[in-house]
Amino acid sequence: MRSAILGPVLTAAAALALTAAAPAAQAATTASPVLVASCTATISGTYTSPLDPGGTNAQQADTLQQTGTITCVDDAGQPLVRGTMTRTTILPAAQCSGIAYSDPSTNTINWTDGTTTSLTLDQANVVSVLGAASTTGTGTATTNSTKFAGDSIDGAVMGTGPGCGTPSGQTTVNSTVVFTLAH
């Protein structure tokens, strides 16, 4: 009787051992993303239409166009590359205070070495208080980029601009964009 029970128990134990080893082996072959660069951009620009003229804080569709400088460092903190970043963000429900939902922004970076990167960032909630806004987002460098093609992006944007609630409204925004690139 003992061997009749022991056989199925050993078979089950061997199967469990193989099943338990499979995820460990799979995890060993599945590589974690490798950090390629950490980047910071300082950009400024204007809304297509003034935001919140007269202080009503009504939601409005608007587009924000910004440009400025960007610098990236490697994972050791050493300078890697720098250039000029142009960012266009479409905001179907912008307002000076509240939560606006932005469509994906388009970002083009012209690096000083002659290469380019086009970034697509997923839709994000933009939290805004009296013209100071922040958001986080993820995305990718497009495959047609000549630098960082296909790399994943994880980042944040903080922007400020005067004019919310004034008769003329907010027309300009200065932003800091920080993100990492990994593959």
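## Nonpolar cores

Ile70, Met85, Phe148 and Phe179 touch the most other members of the largest nonpolar core, which has 20 residues. A nonpolar core here is a set of buried Ala, Val, Leu, Ile, Met, Phe, Trp, Tyr and Cys residues joined through side-chain atoms within 4.5 Å. At least two residues of this core come from each of β1, β2, β3, β5, β6, β9 and β10. Strand β1 gives the largest share, 5 residues. Strands (E, at least two residues) are DSSP runs numbered from the N terminus.

Phe148 is in contact (heavy atoms within 4.5 Å) with Val36, Ala37, Leu80, Val81, Trp111, Thr117, Ala141 and Leu181, leaving aside neighbours within four places in sequence. Another core, of 9 residues, lies apart from the largest one and includes Tyr47, Leu51, Leu91 and Cys96.

## Basis of the values

This is a predicted model, in which local features need pLDDT of at least 70 and side-chain atom pairs count only at pLDDT 80 or more, while totals for chains, interfaces and linings use all residues. Residues are numbered from 1 along each chain as its sequence is written, and side-chain values use heavy atoms, with hydrogens and water left out.

## Disulfides

There are 2 disulfides, a disulfide being a pair of cysteine sulfur atoms within 2.5 Å. With bonded cysteines counted along the chain, the pattern is 1-2, 3-4.

Cys39 is joined to Cys72, with an S to S distance of 2.0 Å. Cys39 lies in strand β1 (residues 35–51) and Cys72 in strand β2 (residues 60–73), so this pair ties together parts 33 residues apart in sequence. The torsion about the S-S bond of Cys39 and Cys72 is about 105°, so this disulfide is right-handed. Cys39 counts as buried because its relative accessibility is 3%, and Cys72 is likewise buried, at 0%. Buried means under 20% relative accessible area, exposed over 50%, and partly exposed in between (1.4 Å probe, protein chains only).

The other disulfide joins Cys96 to Cys164, S to S 1.9 Å. Cys96 is in the loop between β3 (79–94) and β4, and Cys164 is in the loop between β9 (152–160) and β10 (170–182), so distant parts of the chain, 68 residues apart, are linked. The link of Cys96 and Cys164 is left-handed, with -85° about the S-S bond. Cys96 is buried, with a relative accessible area of 2%.

## Salt bridge

Side chains of opposite charge can pair when their charged atoms come close. The structure holds 1 salt bridge, defined as a side-chain nitrogen of Lys or Arg within 4 Å of a carboxyl oxygen of Asp or Glu. Asp113 forms this salt bridge with Lys147, and the closest N and O atoms are 2.9 Å apart. Asp113 is in the loop between β5 (106–111) and β6 (116–121), and Lys147 is in the loop between β8 (132–141) and β9; the two are 34 residues apart. Asp113 is partly exposed, with a relative accessible area of 46%, whereas Lys147 counts as buried at 19% relative accessibility.

## Thr180

Thr180 lies in strand β10 and is partly exposed, with a relative accessible area of 30%. Not counting residues up to four places away in sequence, Thr180 touches Leu35, Ala37, Ser38, Ser152, Ile153 and Asp154. Thr180 and Thr138 are 42 residues apart in sequence, and their C-alpha atoms are 9.6 Å apart in space.

Notes: Helices (H or I, at least four residues) and strands (E, at least two) are DSSP runs, numbered from the N terminus.
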